[in-house]
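Me: Could we go through this model together, beginning with a single chain and then turning to the interfaces?

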Protein chains: 2
Amino acid sequence: MKQPAIDTAWRGVARCDACAIRHLALFSDLAHEDFHRIHLPIDEFSLERGQALYHRGDTVASVFTVRSGLIKLVQHLPNGDFRIVRVLRQGDVAGLERLNDRPAEHDAIAMDRVELCRIPLGVVQTLRDDTPRLHRQLIERWQRALADADTWLTELSTGPARTRVARLLLHFEAAAGGADFFLPTREDMGAMLGITTESTSKVTAEFKRQGWLQSAEGPFVRIDRAALSQLTVR
Amino acid sequence: MKQPAIDTAWRGVARCDACAIRHLALFSDLAHEDFHRIHLPIDEFSLERGQALYHRGDTVASVFTVRSGLIKLVQHLPNGDFRIVRVLRQGDVAGLERLNDRPAEHDAIAMDRVELCRIPLGVVQTLRDDTPRLHRQLIERWQRALADADTWLTELSTGPARTRVARLLLHFEAAAGGADFFLPTREDMGAMLGITTESTSKVTAEFKRQGWLQSAEGPFVRIDRAALSQLTVR
DNA sequence: AGCGCGCCTTGAAGATTTTCAATCCGGCTG
DNA sequence: CAGCCGGATTGAAAATCTTCAAGGCGCGCT
């Protein structure tokens with residue numbers, strides 16, 4: 001069996017009760033006491049763009065929460081086609097299915113530099129069974145993942161290319177809270193939208209010409225929300 | 001708020017411990033004793049094709065398990081487009097999100113005659129918190145729903161129309177255990193695949209001409225698995 | 001500075017899909 | 001039985017996408 005491709009930047013043991021993104025993370029609802037119930041062998045590490053967190057079929061003994069950056073979940077078809085079925089961002093959990101002892105269902109790949117926490121399955125499973133709060137959090141995650149999946153299908157895989165790209169950009173912007181956001185490669189965008197890299201490029205290039213998509217700091221961009229929303233309607 | 005559209009054939013109070021599809025249903029793992037822990041005000045009823053089980057935004061106080069027939073979960077876009085994001089069949093649970101107190105996320109519509117059990121939320125919630133077995137079942141359902149969603153995206157919304165239709169037919173056949181299966185309307189198939197009704201019709205008509213899709217008893221059909229699998233590869 | 005590499009952009013031709021309109025078909029109704 | 005209705009099918013033209021190929025551009029490396 002293929003082993004997970006984690007061989008990278010190990011930052012150290014985490015202190016979850018002092019975590020900067022605790023309000024977003026899996027353990028957000030744990031009470032102070034819960035943290036002391038067990039020793040938490042949780043550590044932080046990071047991946048560079050393109051590195052895999054795990055591959056389909058892997059049976060890693062951990063789940064991961066994303067501290068920063070973006071992780072794409074990729075699913076392949078026998079004929080070589082593939083789709084990005086979801087993108088995980090800050091606070092999301094990768095590898096939820098491992099909690100049910102299923103092998104990983106996707107390839108999980110860093111889209112940019114990503115910081116993560118590795119949480120041993122055992123920790124989550126124990127805490128889950130003991131603390132209803134964590135339990136609720138977990139269900140919550142399932143729900144969110146599913147709602148996301150449906151949205152992708154309905155909004156990002158329906159209609160002509162221009163519409164899809166517009167919706168994707170609006171999504172990213174919304175997810176970033178209206179701020180500038182990271183624009184993935186054309187290939188990745190295409191894989192999210194079910195269109196080719198070239199088509200994606202043609203559309204984004206046009207959006208740029210129209211001034212509806214402008215680059216900002218570094219790899220970030222901003223959009224003309226109103227204009228793109230227009231495209232979405234018709 | 002819109003009320004659920006159930007006004008139909010009420011069959012009566014169910015006896016879950018004697019249910020014919022118990023091994024598939026939500027309560028499959030409950031022990032005999034569990035059934036006696038509470039009185040189960042669960043009843044059976046049915047919908048005719050086209051009738052709604054609930055609508056997006058409804059806050060029905062029940063979940064439903066499908067005893068027979070097919071339910072489509074439909075999601076609409078502001079511009080009037082829509083996609084079928086999943087199809088529920090025997091043993092599946094409709095309205096899972098209600099367990100988390102979220103309003104329904106889709107329109108749930110009968111695709112043919114459907115028999116259902118209505119299970120009050122309270123019953124599930126109580127049992128869930130008391131019996132780990134039911135609890136595991138529930139998580140299991142979430143997982144399955146999510147895996148389905150991903151499959152739809154990867155297999156049914158990717159590639160040219162012929163390929164998608166072929167994959168859809170293979171899916172249906174597999175879900176029916178290789179037996180003859182119910183072929184939805186072209187419109188519904190189109191909504192699952194993200195293509196127009198006409199395109200769907202053209203492809204299925206061609207498949208019929210090729211003899212890869214033949215009608216069987218009543219509304220049922222059978223397929224040439226090998227031939228359609230071929231289309232899937234390239 | 002020169003180069004190579006990875007990704008983006010562009011064009012043109014060809015293939016697919018959508019659109020729009022007409023017909024067809026089976027079943028049901030008056 | 002004629003007529004009607006809701007799908008299903010078909011065709012032709014127009015709109016979109018994909019394919020294939022050729023540059024470009026920016027950036028890190030030597």
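Me: What percentage of the 234 residues in chain A is buried?
Reply: Buried residues, those under 20% relative accessible area with a 1.4 Å probe on protein chains only, make up 56% of the 234 residues in chain A. Please note that this is a predicted model, in which local features need pLDDT of at least 70 and side-chain atom pairs count only at pLDDT 80 or more, while totals for chains, interfaces and linings use all residues. Residues are numbered from 1 along each chain as its sequence is written, chains are lettered from A and ligands numbered from 1 in the order in which they are written, and side-chain values use heavy atoms, with hydrogens and water left out.

Me: And which domains does chain A have?
Reply: An automatic or database domain assignment gives domain 1 (10-149) and domain 2 (157-233) in chain A. Their centres, taken over C-alpha atoms, are separated by 27 Å.

Me: How much area do domain 1 and domain 2 of chain A bury between them?
Reply: About 930 Å², with 62% of it on carbon and sulfur atoms; buried area is the accessible area (1.4 Å probe) that two parts lose on being put together, summed over both. On the domain 1 side, A:Arg83, A:Ile84 and A:Met111 supply 47% of the area buried against domain 2 of chain A, more than any other three residues.

Me: How many salt bridges cross that domain interface?
Reply: The rule, a side-chain nitrogen of Lys or Arg within 4 Å of a carboxyl oxygen of Asp or Glu, finds one between domain 1 and domain 2 of chain A. A:Asp188 and A:Lys72 meet through their side chains in a salt bridge at 2.8 Å, N to O.

Me: Changing topic, how many residues of each chain are in contact across the chain B and chain A interface?
Reply: Taking contact as heavy atoms within 4.5 Å, 34 residues of chain B meet 34 residues of chain A. The two chains bury about 3,300 Å² between them, 55% of it on carbon and sulfur atoms. B:Trp142, B:Gln143 and B:Leu153 supply 20% of the area that chain B buries against chain A, more than any other three residues.

Me: What is the salt-bridge count between chain B and chain A?
Reply: The count is four. The side chains of A:Asp150 and B:Arg86 meet in a salt bridge at 2.9 Å, N to O.

Methods. Buried means under 20% relative accessible area, exposed over 50%, partly exposed in between (1.4 Å probe, protein chains only).
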